[in-house]
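Work through the following exercises with the sequence and the model side by side. Try each task before reading its solution.

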Amino acid sequence: MRSPRPLGVARRALALLTRWAFAHLDLQVIRLWTHADNAPSRAAAERAGFSRNRSGDRLRAVKGEVWPTVAYELRRRTADSTAPPPER
């Protein structure tokens, strides 16, 4: 079975989710965190248009362990635009 990573599945799924959330929920910003060592997740977030928010980086309790996490955020582009960032 071929790995979905080179296909950009995570980035596309994240872009669809954020597009839906901005269109159907009263959100101005969406935040996400990923493990500091999870380079593929970090890359997917960045490719989906999320920006690093270093002030949100911290240690978090996850599954009974303490993980170093990095924070990202995506802000609504305009009040009437719900389009995700352009495809790369």
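The model is predicted, so local features need pLDDT of at least 70 and side-chain atom pairs count only at pLDDT 80 or more, while totals for chains, interfaces and linings use all residues. Residues are numbered from 1 along each chain as its sequence is written, and side-chain values use heavy atoms, with hydrogens and water left out.

**Exercise 1.** Find the salt bridges, taking a side-chain nitrogen of Lys or Arg within 4 Å of a carboxyl oxygen of Asp or Glu as the criterion.

*Solution.* A search of the whole structure gives three salt bridges. Start with Arg31 and Glu73, whose side chains meet at 3.7 Å, N to O; Arg31 belongs to strand E1 (residues 29-35) and Glu73 to strand E4, so the pair ties together parts that are 42 residues apart in sequence (strands are DSSP runs of E, at least two residues, numbered from the N terminus). Finally, Arg52 and Asp57 form a salt bridge in which the closest N and O atoms are 2.3 Å apart.

**Exercise 2.** Describe how strands E3 and E4 are joined.

*Solution.* Strand E3 (residues 58-62) and strand E4 (residues 65-75) run antiparallel and are joined by five bridges, where pairing requires that DSSP finds at least two bridges between two strands. Within this pairing, Ala61 stands opposite Val66 in E4. Two residues lie between the strands of the hairpin, in which Lys63 takes a positive phi near 55 degrees.

Conventions
Helix = DSSP H or I, 4+ residues; strand = E, 2+ residues; numbered from the N terminus.
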